[in-house]
Amino acid sequence: TTRLLHQRYRRLQQKANISSLEQEQRLFAWEEDYLAFESLRHWSRYEQAYRIEQGWGLNADAWTGFYADDDPFDLEWKESVESRHGSATNSSIIHDDHEQRRRMASSPQNAGGSVQKPKPLSSASSTSSSNLGTKSKATISSASSSGPSGSSSIVKKASSPTITTTTKIKTTKFDNYQAIPLSQGYGTHIANVWVGSPKPQRKTVIVDTGSHYTAFPCKGCKSCGRMHHTDPYFDPLQSNTYRQLECDECTGGVSCEKGKCHFSQAYTEGSSWDAVQVKDHFYCGGSDVLDSVDPAHHKYAIDFMFGCMTKMSGLFLTQLADGIMGLSAHQATLPKQLWDKGVIEHNMFAMCFRRELGTSKRGVSAGSMTIGGVSTNLDTGPVVYAKNMARAGWFTVFVKNIYIRTGGGQSSVDKDNTKKNWRTVKVKINPRTVNSGKGVIVDSGTTDTYLSKTAAPAFKKAWKEATGKLYSHSPVKLTDEELQRLPTVLVQCHAYSATKDPSIDDYNTIPGYTGDLDPSAPEDLLIAIPATSYM
């Protein structure tokens, strides 16, 4: 690694007349990026694509000559670095989005998802699950809705239409907000948080709009999945600002036993944890230790209540992240606490997700999150807003219609006009029934899409009409081409505003809008779930 970097450094000196300081800065950036890139080379989709393109396959031996050669590395290196820098991995700065929004407004043909559309995993076989188990990280699930009012959220999907549940944004410019990188876990996305002082300890947490509380294992937690997680257990003895909450400070109506506020959380798929409520210096940031002292991140630090896990079960034991960070519309979430303490200007957060092919404890960059504002840096088109149907608890959408579209396709629209054979079959659901009870929520912490069982008969009938085959949960072997031809499931959600946007001439050309599928509500949000996500 060092030899390769110095060879490229010397070539730069010979080719360009720049200052020594700038040379050192470029070399440092190269070294930092190369070390991260090289450590993930057997997982990175950039390098996997290059291997396949060169006909080398995915074995390590074929790379020996490639890494020893200088020149062929340049193009692949440049593309991979630019791609990762474009995902806001180093963007904890104050952004000015005014010019970006102006350019987008003047270029209506630039419409689509949020950031790099990843190629589907090329596999000889795929297996169907017992529900629409979508790997799209912004998913729709049935859940309850309760609790005090919380923050607005914007959830962006990279390769599909943007899903948004938010209060209306009244300004086009956000002057001060925190931007942090997100990495990829096993079906989830992960943020880095730094806890304690004077030497903050890094913890990784799933960003979960489907729950309220933040928690991770602390020292003394028994059988809490240490070998699977990214970091050692949090050590309270290493923090001068750590303290357990007293009985009169317990939040959320939890019980106090032996002077400690005990609380627990159970999840639909069977996982659970027990914890003690504590407070410490807490803020989000990057993954590197230098990020822990970066003023751009540290200025968002607050004394924050979280759970010191004492026991966990289910997927918490084997997940990549140390713990979980609840981001629902609840008083206990980090964005709401930052807002209450006056640290951020807007009571909101946004997430932009990308899906990569692999994971690593070192972190595989797969998106970004902003707290206190919105950045358009990763947008490739207009954002489509869904109405948040609940005042508190969870971010809840109203599902109006479900469609099954033949011919495949990753997007809700045919941008290249190559899918003239698309045929859409409407699932005859009763919206009142599908959205009954506590409603349908946007849950970033699960890979599963759950629908009311009352929709099952109509869904199976529409599937048979569209494909000529019965909907089945039995495993099947498919070629990549067969997978791509499977139907795309479309979900129509109530728009934030029923007023048509006069600046949009044709809703059918912009991914995320319902358009002619429902002439009475073309401005509704339309979510595309392709076979590469539900198989």
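In the predicted model, R405 lies over the face of W422, at 3.6 Å from the ring centre; a charge is taken to sit over a ring if NZ of Lys or CZ of Arg is within 6 Å of the ring centre and within 35 degrees of the ring normal. Residues are numbered from 1 along each chain as its sequence is written, and side-chain values use heavy atoms, with hydrogens and water left out. Because the model is predicted, local features need pLDDT of at least 70 and side-chain atom pairs count only at pLDDT 80 or more, while totals for chains, interfaces and linings use all residues.

The mean pLDDT (the predictor's confidence in each residue, from 0 to 100) of the chain is 75, and 67% of its residues reach 70 or more. Over residues 58-150 the pLDDT stays under 50, and the model has 257 contacts (heavy atoms within 4.5 Å) beyond four places in sequence for this stretch. The pLDDT is also below 50 over residues 154-172, with 90 contacts beyond near neighbours in sequence.

The largest nonpolar core has 33 residues, of which V399 and V427 touch the most other members. A core of this kind is a set of buried Ala, Val, Leu, Ile, Met, Phe, Trp, Tyr and Cys residues joined through side-chain atoms within 4.5 Å; buried means under 20% relative accessible area, exposed over 50%, and partly exposed in between, with a 1.4 Å probe and protein chains only. At least two residues of the core come from each of β17 (399-405), β18 (424-427), β19 (440-443), α11 (456-467), β20 (488-493), β21 (525-529) and α13 (531-534). Helices (H or I, at least four residues) and strands (E, at least two) are DSSP runs, numbered from the N terminus. Helix α11 gives the largest share of this core, 5 residues. Beyond its neighbours within four places in sequence, V399 contacts residues including I429, P431, V440 and V491. Another core, of 32 residues, lies apart from this one and has F234, Y300, I302 and F306 among its members.

The whole structure holds 15 aromatic pairs, defined as rings of Phe, Tyr and Trp (its six-membered ring) with centres within 6.5 Å, where planes under 30 degrees apart count as stacked, over 60 as edge-to-face and the rest as tilted. F263 and W273 form an edge-to-face pair, because their ring centres are 5.2 Å apart and their planes stand at 85°. F263 belongs to strand β10 (residues 260-266) and W273 to strand β11 (residues 272-285), so the pair ties together parts that are 10 residues apart in sequence. F263 is buried at 7% relative accessibility, as is W273 at 1%. Ring pairs also link F216, F234, Y242, F282, F304 and F306 into a cluster.

A search of the whole structure gives 4 disulfides, each a pair of cysteine sulfur atoms within 2.5 Å. The sulfur atoms of C221 and C224 are 1.7 Å apart, and this link is left-handed, with -60° about the S-S bond. C221 is buried at 7% and C224 at 0% relative accessibility. C247 is joined to C256 with an S to S distance of 1.8 Å; the torsion is about -55°, so this disulfide is left-handed. C247 is partly exposed at 39%, and C256 is partly exposed at 29%. C250 and C261 are joined at 1.9 Å. C250 lies in the loop between β8 (243-244) and β9 (255-257) and C261 in strand β10, so the pair ties together parts that are 11 residues apart in sequence.
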